[in-house]
Amino acid sequence: MERARRDVYKRVCLLVAAGAIGGGLALFASLYSILASAQNELTSFASEFLQQDDKVARDIAETLDAGNHSPHPFCSEPDMEFMRELLFKSPYLKDVGRVRDGLFFCSAVAGKLTTPTPFISEKLIKVDGKLVYFGAHLRVAKGHTAEIVSQGTTDAVVSPSVFSDFNRPPMAYTGAILDRNTRQIQQMYTNSSVEMPLHYLLADKIMRKDGVLYYPQCSKTQPDCVLVAMPMDKIWSPHYSSMAGAFAGGSLLGIMLSGVIMVMNRRRRSLGNQLRRALRKKALWVLYQPVVDLDSGSLVGCEALVRWNDENDTPVRPDIFVGIAEELGFVGEITRFVVERVASEIGDLLRANPWFRVSVNLSAMDLADENFIPMLDGILKAKGVAAASVGLELTERSTADRDRTVKVIRELKDRGHVVYIDDFGTGYSSLAYLSELSVDVLKIDQAFTKTIGTDSVTAAIVPQILEMAKALMLKVVVEGVEEQAQADYLEERSSGLQVQGWLFGRPVPSGELRTRVKNEAKLVG
Ligand SMILES: Nc1nc2c(ncn2[C@@H]2O[C@H](COP(=O)(O)O[C@H]3[C@@H](O)[C@H](n4cnc5c(=O)[nH]c(N)nc54)O[C@@H]3COP(=O)(O)O)[C@@H](O)[C@H]2O)c(=O)[nH]1
C-alpha cells in the first residue's frame, strides 16, 4: 500500500517536473524568438534611419552644389527664381538662399533682404567643408529654428521633420555627427527620453544595459552614426499572452510526452514481468522454419523461432519481447528455454537424421555469459544430441566485443557446432571481419532479398555479398525468399546456396516439421 502510494507520488512528481521543464523550454524558445525579432526590428530601424540620413545629406549636397553653379548674378531675380526651382525639386529642404562672409542676403522663400544679416544659431560646426548651424533662427518663420547648412555662396534650410517618421515608440534614436578624423561627437540629436550611453555609438553590436536594448550603426558614406534603443519591458509586454500560451502549451506537451513514456515504460515493465512469469511457467513455444538447399530443393535444416502470447493472449512479436528481455537482463533464460525445447521436441529427429540441422538464435548477453556454453553442452548431452546438429546464430550487433566473440566462437566450433552470422548487411561489420571471426555461414538479411528484381539502389548488394562470400569460402543462407523469381535469380547467380523463406515454408510446430523431415528422410534413404 505504502509502495503504491510512493509510486503514485513519484509519478505525479515526474509529471509536474516534465510539465515545468516542457513549459520552461517552450517559454525560453518563445522569449528567444521575441528577442530575436526585437533585435531584427532594432537593426532594421537603425539601417532605415541611416538610409534616410544619407538621402537628406545627398539632397543638401546636390542642392548646395547646384546653387553654387547658378549662372545668374548673386541674389538677382533670375538667381532667386533658380533657387526657387532648386527648392521645389528638393524633398527635404524648406528654403535655399545666398550667403557671403557669414551674412544672409536672399532666399527662395524670404526674397531679397534690405539688410544682410548674420545667422543666429545655438551651435556651428564644420562637416565635410560645409558649415552647419544647429538651432538657427529662421527669418521666414519667426520663433522657429532649424538646421541650416551652407557652402560657398549657397545655404539650405533643412526641414525639421526629416526624421519625424522615426518617432515610433517604443523605439528611440540618437543620431550623431562625428568628426571624420578624431571620431569625436560633434553634434547629436535625439527623440529619446531614455538614457543613451554615447560610447555605445561606436560599438558594433547589440547591447543590453539597465533594461534597455541598444544597437549602434554608422553610415558608410556620411560621418553620421545612430544609436537606436528599445526598453526591454516594451519588448515583452505585447507578448505576455503568447508567452503564457507557450508555457502552457510546453507544459502540456511535456506532461503528455512523459505520460506516454510512462505508459510505454509501464507496458514494457509489465510485459517484462509477464514474460518472466511465462518463462517460469514455460508458457512460450518454439516454431521451426525450414531451410532448403536451393540446387536440389531438399530440406537441410530449420531455424528455431520462439513465440509468446502475453497474459491477454495477445501475440507479442519476438523482436519486441526478446528486446525487452535483453533490456531487463534475462534474455539468457529465453535462450535456455529454446535450447531445452528444441532438445526435447526434436532431439530424436536430430539424432536420427544427422544431415538435418537446427539453428538457434543467440544474443550478445549469451556470448558474454560464462555459463552459456556449459548450459548448452549439458542440455544437448542429456538428450544425446550431437553439437554438429545444432547451429548457433549470432547477429552482427552481438559480435561487437571482438575478443569475447572470437573466444566463444572457437569454443563452439571446437565442440562441433556450426556458427552463423544472422541478418548480415544490417550491421557495420565487413565480410573480412566475419572471416576473421571464422564463422561458417552467413545469413543475408531479408531486407536485401526483398530488393532482388527491383531497381532499388541496394539491389546490387546481394550479388556482391554472394561474390565476396564465395571468395572467403563462407556458406550462405538467403533469408526471406518469398517469390519464385527471387529463388530463380539466386539459383542463376550462385551454386550451393541455402534458402529460407515463405516460399519454402513458414515457421511450423515441431509436429509438422517432423512429418516434413520424415518425408525428406524417405527421399534421402
Ligand atoms: N534471441 C532470440 N531471437 C529470436 C528468437 N526467435 C526469434 N528471434 C528473433 O526475433 C526476430 C523476429 O523473428 P520472427 O518474427 O520469428 O521472424 C522470423 C521469421 O518468421 C521471418 N521470416 C522468415 N521467412 C520470411 C519471409 O519469407 N518473409 C518475411 N517477411 N519474414 C520471414 O524472419 C525472421 C527470421 O529472422 P532471423 O532470426 O533473422 O533469421 C528475428 O530477429 C529473430 O532472430 C529466439 O529464440 N532467440
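**Ground rules**

The model is predicted: local features need pLDDT of at least 70, side-chain atom pairs count only at pLDDT 80 or more, and totals for chains, interfaces and linings use all residues. Residues are numbered from 1 along each chain as its sequence is written.

**Overall make-up**

The chain has 14 helices and 21 strands. Helices (H or I, at least four residues) and strands (E, at least two) are DSSP runs, numbered from the N terminus. Of the 525 residues, 33% are buried. A residue is buried if 20 or more other C-beta atoms lie within 10 Å of its own, exposed if 12 or fewer, and partly exposed in between, with C-beta atoms placed from the backbone. Among contacts with a separation of 6 or more, 61% link residues 24 or more positions apart. Two residues are in contact if their C-beta atoms, placed from the backbone, lie within 7 Å.

**Annotated spans**

The unreviewed UniProt entry annotates two stretches as "transmembrane region". UniProt positions are given in the numbering used here, feature names are shortened, and annotations may be inferred rather than shown by experiment.

Ser-30 lies in helix α1. Beyond residues up to four places away in sequence, Ser-30 touches Ser-242, Met-243 and Ala-246. Ser-30 and Ala-246 are 216 residues apart in sequence, yet 6.6 Å apart in space, C-alpha to C-alpha. Ser-30 counts as partly exposed because it has 19 C-beta neighbours inside 10 Å.

**Helix α2**

Helix α2 covers residues 77-89. Its 13 residues should span 18 Å at 1.5 Å a residue, and the end C-alpha atoms are 19 Å apart, which agrees. The expected span is 1.5 Å times one less than the number of residues. Which residues of α2 are buried? They are Asp-79, Met-80, Met-83 and Leu-87. These residues cover an arc of only 95 degrees around the axis, so they sit on the same side of α2. The arc is that of the directions from the helix axis to the C-beta atoms. An α-helix has 3.6 residues a turn, so residues three or four places apart point the same way. What covers the buried residues of α2 includes α1 (2-68), β1 (93-100), β2 (103-107) and β3 (111-118). The face turned away from the buried side carries the exposed residues Glu-77, Pro-78, Glu-81 and Phe-88.

Asp-101 is not a glycine, but its phi is positive, about 50 degrees. Asp-101 sits in the loop between β1 and β2. It is exposed, with 8 other C-beta atoms within 10 Å. Met-473 also has a positive phi, near 55 degrees. Its loop runs between α12 (461-471) and β20 (475-478). Met-473 counts as exposed, with 8 C-beta neighbours inside 10 Å. Pro-169 and Pro-170 are joined by a cis peptide bond, with omega about 10 degrees. Pro-170 belongs to the loop between β7 (154-158) and β8 (172-178).

**Ligand shell**

How many residues surround the ligand? There are 24, and the closest are Leu-305, Val-306, Pro-318, Asn-361 and Gly-501. A residue is near a molecule if its C-beta atom, placed from the backbone, lies within 6 Å of it. At least two shell residues come from each of β14 (299-309), α5 (318-328), α6 (331-352) and β18 (418-424). The shell divides into 9 nonpolar, 7 polar and 8 charged residues. Here Ala, Val, Leu, Ile, Met, Phe, Trp, Tyr, Cys and Pro count as nonpolar, Asp, Glu, Lys and Arg as charged, and the others, Gly among them, as polar.
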